[in-house]
Amino acid sequence: MGKDTIADIITSIRNADMNRKGTIQIGSTNITENIVKILLREGFIDNVRKLLLT
């Protein structure tokens, strides 16, 4: 059974909202980036910033 990426992202956002956290961090993959772009475009999230780790 594979990992449910969509559910993980939505759960992270919901938990952050319930705990009044302003930010969350999720792993960056093509799937997560596309999901976040859709959520941003539809107004479910306000801002996105991609961190580059060196």
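**Exercise 1. Which side chains meet in a salt bridge at 3.7 Å, N to O?**

*Solution.* The model is predicted: local features need pLDDT of at least 70, side-chain atom pairs count only at pLDDT 80 or more, and totals for chains, interfaces and linings use all residues. Residues are numbered from 1 along each chain as its sequence is written, and side-chain values use heavy atoms, with hydrogens and water left out.

Step 1. Apply the criterion: a side-chain nitrogen of Lys or Arg within 4 Å of a carboxyl oxygen of Asp or Glu.

Step 2. The search of the whole structure returns two salt bridges. The pair at 3.7 Å is Arg41 with Glu42.

Step 3. Arg41 is exposed, at a relative accessible area of 61% (buried is under 20%, exposed over 50%, partly exposed in between; 1.4 Å probe, protein chains only).

**Exercise 2. Determine which residue pairs with Lys50, and where the partners lie in the chain.**

*Solution.* Step 1. Lys50 forms a salt bridge with Glu33, and the closest N and O atoms are 2.9 Å apart.

Step 1. The pair links distant parts of the chain, 17 residues apart: Glu33 belongs to helix H2, and Lys50 to the segment after H2. Helices (H or I, at least four residues) and strands (E, at least two) are DSSP runs, numbered from the N terminus.

Step 2. Lys50 is exposed, with a relative accessible area of 53%, whereas Glu33 is partly exposed, at 26%.

**Exercise 3. Describe the lining of the largest pocket.**

*Solution.* Step 1. On a 1 Å grid over the protein atoms alone, a pocket is an open set of points where a 1.4 Å probe fits, with protein on both sides within 12 Å along at least five of seven lines; lining residues have an atom within 4 Å of a point.

Step 1. The lining comprises 26 residues, with Ile24, Val36, Asn47, Val48 and Arg49 nearest the centre.

Step 2. Helices H1 (5–18) and H2 (30–41) each supply at least two lining residues; H2 gives the most, with five.
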